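Keep the viewer open as you read.

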Amino acid sequence: MEQARTRADSAAPGLPAGVPEQRGTAGWHQVPEQTRGEHTHSETPLPPRPRVERTSVRGQVLDALRTALVDGELVPGEVYSAPALGDGLGVSATPVREAMQQLAREGAVEVVPNRGFRVTERSARELAELAEVRALIEVPVVLRLARTVPVARWAELRPLADATAVAAAGGDRAHYAETDRAFHRAMLALGGNEQLVQVADDLHRRSQWPLPGGGPLSRRADLVADAAEHMALLAALEAQDLAVVQALVREHFAGAVD
């Protein structure tokens, strides 16, 4: 007890018990709370990274711009500036530029130095090529899943197929684009290959940017017909009718080219 008391009595005056101390030229001083236990003098700093935001303004702007692209509000060939788009969305130009850079990586827009971003003019050939690549990936996967996935699992996709039908009936092209991708993602996800799902979804999204005169799914009737194919495909998968599944899935992608 005497030894413990002696150690406590020898502590620097004004410091509570247990507070770490450091000795410098001016005597003892308290270690600042924020530096205790940190070894900032020897740690390698992280490389610069995007600022972490509590609310993803950039994500909301990106969603809004994608919707505008699918709806044709952003016209192919036209140049748009980040400040002007930001004014329309009620945000600063910074999140718009960040969102546009993402769209540029996806091939939806291209950077025009000192002016802004030009909406990419898609050609019918480009959309046909995207549809062909999607078919090369998705058709064999769906046929394999038709043979291996338990019948009961296909019922999980029914609400997603219903959502595409509702969006199509309302003629909401942007909402249909979202529900369409959600249906295809869920179907491919049954195979358990997340990398494949991501690649297929990227191709699918890129195929949804419209042509100047309207794409394959530019009319309400086209959306309704496409959604009906989802329903028919699910019915064939639940019935384990592989011949019909093969015919429907190939027709589904062939329709994306017309």
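This is a predicted model: local features need pLDDT of at least 70, side-chain atom pairs count only at pLDDT 80 or more; totals for chains, interfaces and linings use all residues.

Residues are numbered from 1 along each chain as its sequence is written, and side-chain values use heavy atoms, with hydrogens and water left out.

Let's start with the strands. Helices (H or I, at least four residues) and strands (E, at least two) are DSSP runs, numbered from the N terminus. Strands β4 (residues 109-112) and β5 (residues 116-119) run antiparallel and are joined by four bridges; two strands pair if DSSP finds at least two bridges between them. Val112 has Gly116 in β5 as its bridge partner. Three residues sit between the strands of this hairpin, where Asn114 takes a positive phi near 65°.

Next comes helix α2 (residues 57-71), whose 15 residues reach 21 Å from first C-alpha to last, close to the 21 Å expected at 1.5 Å a residue. That expected span is 1.5 Å times one less than the number of residues. Among the buried residues of α2 are Gly59, Leu62, Leu65 and Arg66; buried means under 20% relative accessible area, exposed over 50%, and partly exposed in between (1.4 Å probe, protein chains only). The buried residues of α2 pack against α3 (82-89), α4 (93-105), β5, α8 (173-189) and α9 (194-206). Just after α2, Gly72 takes a positive phi of about 80°.

Now for the interior. A nonpolar core is a set of buried Ala, Val, Leu, Ile, Met, Phe, Trp, Tyr and Cys residues joined through side-chain atoms within 4.5 Å. The largest one has 25 residues, and Trp154, Leu157 and Leu237 are among those with the most contacts inside it. Helices α5 (124-148), α8, α9, α10 and α11 each supply at least two residues of this core, and α5 gives the most, with six. Leaving aside neighbours within four places in sequence, Leu237 is in contact (heavy atoms within 4.5 Å) with Ala146, Trp154, Met187 and Val245. A second, separate core of 21 residues includes Leu69, Val70, Tyr80 and Trp209.

His184, in helix α8, is buried at 4% relative accessible area. Beyond its neighbours within four places in sequence, His184 is in contact with Arg134, Glu138, His204, His230, His252 and Phe253. Glu229 lies in helix α10 (residues 220-239) and counts as buried at 19% relative accessibility.

Finally, the charged pairs. A salt bridge is a side-chain nitrogen of Lys or Arg within 4 Å of a carboxyl oxygen of Asp or Glu, and the count comes to ten. Three of them are shown here.

| Salt bridge | N to O distance |
|---|---|
| Arg153 and Glu156 | 2.7 Å |
| Arg158 and Glu238 | 3.0 Å |
| Asp202 and Arg206 | 4.0 Å |

Arg158 lies in helix α7 (residues 158-169) and Glu238 in helix α10, so this pair ties together parts that are 80 residues apart in sequence. Asp202 and Arg206 are four residues apart in helix α9, and therefore separated by about one helical turn. Arg181, Arg185 and Asp201 are linked in a network of salt bridges.
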